[in-house]
Amino acid sequence: MHALEKILAKAAGRDSVSAGEIVNAKVDLAEVNDLYLQTIKSFYEMGGERVNDPDKITFILDHYAPAPSIQTASNQKEMREFCYDQGIEKLYDINEGVCHQVMVEKGLVWPGMVLVATDSHTTTHGAFGAFGTGVGATDLATIMLTGELWFKVPEVIKIEITGKLNPRVMAKDVILYIISKLGTDGAVYKGVEFTGETVKNMSIAERMVLCNMTVEMGAKTSYIKPDETTFRYVKERTGKDFKVEYTDEDYQYSKEYTFDVSDLKPQVAVPHSVDNGRDMDKVEDVKVDQVFIGTCTGGRLEDIEAAVKAMNGRSVHSKTRLLIIPASKEVMEKAIEKGYVSTLMKAGATFSSPGCGPCLGTHQGLLAPGEVCATTSSRNFPGRMGSTEADIYLVSPATAGEIAVNGKISSKKTLKEER
Amino acid sequence: MDKIISGKAHTFGKNIDTDQIYPGRYLELVKPEDIAKHAMEGADPKFLEKYSKGDIIIADKNFGCGSSREHAAITLKTIGAGAVISESFGRIFYRNSINLGLPLMVCQGIKEFVEAGDKLEIDLEEGIVKNITKNKILKGEKLPEFVLEMMEAGGIKQYYINKNIK
Ligand code: SF4
C-alpha cells in the first residue's frame, strides 16, 4: 500500500484499501473558510443540531478578511455565532491569515492525519505527509454531522525531482514547469507524490508550494514523505502524538516521472491557463500594471525575503504598483521584525492585512479591463482577479520582485546582474 | 431523478474552470435564486439569454476544474440544467454536483458528437447519449453504483435526512 492508502485505511477502520474503492473515513480536522456559509446551511438542512465533534472543526475567516461588503460581514457574523453556539473553539478570525498557512502555524496539521477543507488548495498539507483534500460545502457539512466522509481511494503518481536549483529559481518555478509538462488535467483524481534529492533539500515552505499547486493538475491530494525537516517543524507547533505511515517497497505507482531541474530558468505561466508555463526569457515583453506577492502559494516569509533580495534596494517602477499581502499574521510580524516591510514600503510597495487578498477576485486590489498583473498566486484563469479582460501571469516571488522594479515582464535576461 | 433527460445542447471548450462557471466576485451571495443569475457568466456573459430550463451543457474536458466553490454546482442546479457532459470533470465540482443531485456524465468524444443547438437525449443509467438532431448515438460512462444511489435519494442532503442523525 501507499502511505496515503494506509492513512485512509486506518481512518476507515480497515486493514487495507486499494485504488478505486470507495471508503467512509473518519476526518481528523475539517476546516471551513468564509466563502462557505452554505456549510452551516447544509448542516441544518440535513437535520443537524449539534456538530459531531467541535474539537475537530476549525473556521478560518480569510477570503474576505476584513469584510469588504455588508453581505460578507453578515456571512462572517453568522459563522462566528455558529462557532460560539456549537462550542467550536478553533475560530480564527479576520486577523489571522490564509487558512492553509494558519492551520500549519497553529499546529493543526501533522503527518498521517486526514484533513478536509472547503478549499481546493488543501493538497498543500501533503507537504507534511497528511492526507489533505478539498471539498464543497455540503460534503463538509456531512463531516460536521457525522465526523466522516466518503472518499474514492486515489491512484498515486510519483514525481521525482533531481538537481540543484539555480539561484533565484524557486519551488514555484519548479511546479509551474512540471504543470506545463503534465497539463492542467495531468493528475485528475490522483494523489501526487514528490520525491528526489531536490525535494529532500527543500524547506517546509518550498514543499508546501509544490503540494499546493498539484490541484492545478487536478490532483485530489498530494504527499511528501515526512523526514527530519517535517518533524522539526511539526514538533515545534503541535503537542500531538502521531504515527507516520510509510509506503510499501512493492507499491505500484500509476505513473512515474522524473524532472531534472538543474538548468531550470525562472518560469512564467502566461494567460489564461496554469499549464502555459515557459522560460521567462521566451516571453514577449509586456508592461505590468500590478505585481501581487501573497496567498497560500506565494505569501510566506521566504517569499517576501526573495522579493526583497531581487529588488536589491531598487524602487518599484513608477507606472507599476506592488501589492504585498503576507499569508498570515505570523508571517507579517516576522517580516516587520526583519525590516522587510519597511524596506519594501520605502521602495513603493502597498501592504494589506493578511488574508487571500485579490487572489480570487473579491477585494483588495482587483484588476481593471486591459490591465496586466504578475502574481505569486496559483491561478491565471480569466476573471480570477477582477475583470475578465485583465491578463494574469504567474511567477515566483523572486521574479515578481524583479518585475516590480522593471515595470514589465522582459526577456532581457532580467536576473543576470544578481547571479 | 429522471432516467431519460432531454434538452438542447450548449457547447463549451476545455478547462472551463469554476471562475468561468461562477465568477468569484459573486461568492458572497447565499440564496440559490441569486446565485442562479450568474450561471456560466465568466465563460459566456450571454449564456442565460440563450438558455432554457432542462438544456444540457457540453464541455470538452476538465469541466469544473479550479476552486471548491459549491456555487458552481448550485448555479447550474438552480437554473435546472438537464445534465453536464464532458470528457472529464474537476474532482470537487464532480462531488458537489453529485451531492446536489445535478446529473453528470463522463463521455469521450462528446465534443465532436454535438454542435450547439442539437437536441439530445441522455440515459444516465445506461450511460448513453443520443443526438436526436443528427440521429446518432454515443456511449459514455455509467455513474458508479454508489453515486447513482445518492443521486436517486435526491442528493446527499436527502440521503442524510433519511438517516436522521441529529
Ligand atoms: S490565497 Fe488564493 S488560492 Fe489560497 S486559499 Fe486564498 S483564495 Fe484560495
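In this predicted model, helix α11 of chain A is followed by N312(A), a residue with a positive phi near 50°. The helix itself spans residues 301–311, and because eight of its 11 residues are buried, α11(A) is largely enclosed by the rest of the structure. The buried positions are L301(A), D303(A), I304(A), A306(A), A307(A), V308(A), A310(A) and M311(A). Their cover includes two strands of chain A, β15 (290–294) and β16 (321–325). Helices of chain A also contribute to that cover, including α10 (295–298), α12 (329–337), α13 (340–346) and α14 (397–406).

The buried run goes from A137(A), T138(A), D139(A), L140(A) and A141(A) on to T142(A), I143(A), M144(A), L145(A) and T146(A). The residue that follows α5(A) is G147(A), and its phi is positive, near 80°.

The backbone holds some further points worth a look. Most residues other than glycine have a negative phi, and most peptide bonds are trans. R168(A) is not a glycine, yet has a positive phi of about 75°. This arginine is found in the chain A loop between β8 (156–162) and α6 (171–182), and R168(A) counts as buried because its relative accessibility is 16%, under the 20% cut-off. In chain B, M40(B) likewise is not a glycine and has a positive phi, of about 60°. M40(B) is found in the loop between α2 (32–35) and α3 (47–50) of chain B, and is buried, with a relative accessible area of 0%.

Cis peptide bonds can be found at two places described here. One runs from A65(A) to P66(A), with omega near -15°; P66(A) lies in the loop between β3 (57–60) and α3 (70–86) of chain A. Another runs from P271(A) to H272(A), where omega is near -5°. H272(A) has its place in the loop between β12 (267–269) and β13 (277–279) of chain A.

At the level of domains, the assignment for chain A gives domain 1 (3–258) and domain 2 (269–408). Taken over C-alpha atoms, the centres of these two domains are separated by 24 Å. Between them, 35 residues of domain 1 are in contact with 40 residues of domain 2.

The ligand brings the two domains of chain A into one picture, as its shell draws at least three residues from each of domain 1 and domain 2. The ligand sits in the largest cavity. Around the ligand are H63(A), V98(A), D119(A), H121(A) and T295(A), together with C296(A), C356(A), C359(A), L360(A) and R384(A). Sorted by class, this shell has five nonpolar, three polar and two charged residues.

Two residues of the ligand shell, T295(A) and C359(A), are also among the contacts of S377(A). Beyond its neighbours within four places in sequence, S377(A) is in contact with K172(A), G294(A), T297(A) and L394(A) as well. S377(A) is found in the loop between β18 and β19 (391–394) of chain A, and counts as buried because its relative accessibility is 1%, under the 20% cut-off. From S377(A) to M1(A) there are 376 residues in sequence and 34 Å in space, C-alpha to C-alpha.

Finally, the loop between β17 and β18 of chain A holds G370(A), and E371(A) lies in the loop between β17 (349–351) and β18 (372–375) as well. G370(A) is exposed, with a relative accessible area of 58%, whereas E371(A) is buried at 15%. G370(A) and S387(A) are 17 residues apart in sequence, and 8.2 Å separate them in space, C-alpha to C-alpha.

How values were computed. Residues numbered from 1 in each chain as written. Chains lettered and ligands numbered in written order. Predicted model: local features only at pLDDT ≥ 70, side-chain atom pairs only at ≥ 80, totals over all residues. Heavy atoms only, no water. Helix = DSSP H or I, 4+ residues; strand = E, 2+ residues; numbered from the N terminus. Buried < 20%, exposed > 50% of the residue type's maximum accessible area, 1.4 Å probe, protein only. Near = heavy atom within 4 Å. 1 Å grid on protein atoms, 1.4 Å probe; cavity = no way out; pocket = protein on both sides within 12 Å on 5 of 7 lines; lining within 4 Å. Sits in = over half its atoms within 2 Å of the grid points. Nonpolar A, V, L, I, M, F, W, Y, C, P; charged D, E, K, R; others polar. Domains from an automatic or database assignment. Contact = heavy atoms within 4.5 Å.
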